[in-house]
Amino acid sequence: MAPEKKKKGSAGNTTRRRQKVPSAKKLPLPHPMSATPNPELTNSRTDYSTAIAKQLLLEQVKKGTNENFALSPVSIDVVMTMAAAGSRGPTLERMMAFLGTQDIDGIKSIASAMMAAAVCGGDEVSEGPVLSMVNGVWVDERFTLVDSYKEEILKGIYGCDAESVDFFHQADKVVKKVNSWVEDASKGLITNLLQPGSLSPYTAIILANGIYFKGIWTHERRFDASLTKEGNFYLLTGDTISIPFMTSRRERCHYRSFDGFKVLKIPYQSSKQDRKFSMYFFLPHEKVGLQNLLEELSSDSGSSKQDYYCNLSEESLDQVLIPKFEFSHGFDVSLTMKEMGMMFPCLENPEDLSEMMKIPKGIPFFPSVMIQKVVIKVDEKGTEAAVVSRMQLPTMAARSCPPPKPSFIADHPFMFMIKEEKSGLVFSKGAVLNPRL
């Protein structure tokens, strides 16, 4: 077989390791303020992502482990809307129910709003958060994409092309191609997302989304590295470990204490008035209260208060201690949803993808799969994070008086969230069970 020629501008064209992934701001996307998510929609997306976080915690409890976990609601939704925009019939109905919209125009509106929210910052973190969102599509050479899907959806909304590949005969070659794209999209934070032999030769198409975020705290020296000190961290298993805590004293912070937990918000520096990112820390009052916290946030009463819990006041804190942490977490989104009793919006009939590609008659059904991997690093300067989501569609296979100032001492498992304040979109959410891992 003759060597494969590279396709200029193709989403999978990342054979060279040093090839630069185009920044999302350079894509022909709508202006950030031209598509703003509905508050009810963003709240519902926060609800389902909190439910997934609760399920991931329950899995750790069952296993008796203390592994950290994270997910990106935005990345899941981007890939889901890419699939939904090319679907019809029962598959489209399930996806619309999952995404909380009524029709295909609603799907396109959600997608445009999420892509627009990624138009933020420059290449220098000092100018504000560096945020890039890129999308990739690899379609088997036996299938032809519908022109309207390729031009209006992939190029027009998601700013990407589709690359034709041979899943049947060269699956491992495609694995290397996708892994190279993932590594570039995540700025090197995520490597080897796919393993040799992990792709079915009956795969029809892979839809992928990659997000990279890097931000510094509003006050660059909010956490002075010289003040970082060792302290005890109490695990859910009852064990205690010694880990480094970022430390600050007597600062005014966005903070509020609620029944059962307290919330601290640290904004990221930004030169863009229409884009404000912050990191939220949700700390249970009890050292083993993380499960109760997630139960509250995923309950009907808790979900209706999501905005309320993020509406904090500026208050002077006596002390703030937050662990430095860095970890990666990957999981099967479709399997986790199944364990939750939620129906993953899978493909029932290959012909339901006829708005995306031309499907030959007699193609048997195989379930679709979505995998996500998140890498996050938090230190004295700020946060660096990367997310990749991949969807595979196989169609052939008490206080004293005077009261002391409150403190925020995260010396036991807590939840975190990276949120864009204007749109309400949550780019990352997770929990730290063991900062050492």
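How far apart should the ends of helix 2 be at 1.5 Å a residue, and how far apart are its end C-alpha atoms? I will come back to that after a word on the model.

What we have here is a predicted model, in which local features need pLDDT of at least 70 and side-chain atom pairs count only at pLDDT 80 or more, while totals for chains, interfaces and linings use all residues. Residues are numbered from 1 along each chain as its sequence is written, and side-chain values use heavy atoms, with hydrogens and water left out.

The chain has 10 helices and 17 strands; these are DSSP runs numbered from the N terminus, helices being H or I with at least four residues and strands being E with at least two. Of its 437 residues, 57% count as buried, where buried means under 20% relative accessible area, exposed means over 50%, and partly exposed lies in between, with a 1.4 Å probe and protein chains only. The accessible surface of the chain comes to about 18600 Å², and 49% of that belongs to carbon and sulfur atoms; these areas come from the Shrake-Rupley method with a 1.4 Å probe, and for residues only the protein chains shown count as cover.

Now to helix 2, which covers residues 73-84. Its 12 residues should span 16 Å at 1.5 Å a residue, and its end C-alpha atoms are 16 Å apart, which agrees; the expected span is 1.5 Å times one less than the number of residues. Helix 2 is also mostly covered, with 12 of its 12 residues buried, among them Pro73, Ile76, Asp77, Met80 and Ala84.

Strand 16 runs antiparallel to strand 9 (residues 277-284), the two being joined by six bridges, and strands are taken to pair if DSSP finds at least two bridges between them. Within that pairing, Tyr280 has Met417 of strand 16 as its bridge partner. Six bridges also join strand 16 to strand 17 (residues 426-432), again antiparallel, and there Ile418 is partnered by Ser428 of strand 17. Strands 16 and 17 form a hairpin with five residues between them, and Gly424 in the turn has a positive phi of about 85 degrees.

Strand 4, residues 162-165, has a covered face made of Glu163 and Val165 and an uncovered face made of Ala162 and Ser164. Strand 4 pairs with strand 2 (residues 130-140) in the parallel sense over four bridges, and Trp138 stands opposite Glu163.

Next, the charged pairs. How many salt bridges does a search of the whole structure find? There are eight, a salt bridge being a side-chain nitrogen of Lys or Arg within 4 Å of a carboxyl oxygen of Asp or Glu. One of them joins Asp140 and Arg142, whose closest N and O atoms are 2.4 Å apart; Asp140 is buried at 0% relative accessibility, whereas Arg142 is partly exposed at 34%.

Another joins Glu151 and Lys155, at 3.4 Å from N to O. Both residues lie in helix 5 (residues 147-155), four residues apart, about one turn of the helix. Both are partly exposed, Glu151 at 41% and Lys155 at 33%.

Lys324 is partly exposed at 30%, while Glu380 is buried at 10%. Elsewhere, salt bridges that share partners join Glu151, Lys155 and Asp161 into one network.

Finally, Ser334 sits in helix 10, residues 333-339, and is buried, with a relative accessible area of 11%. The side chain of Ser334 makes a polar contact of 2.4 Å with that of Asp332; such a contact is a pair of N or O atoms within 3.5 Å, where, within protein, one must be able to donate a hydrogen and the other to accept it, and residues adjacent in sequence count only if both atoms are side-chain atoms.
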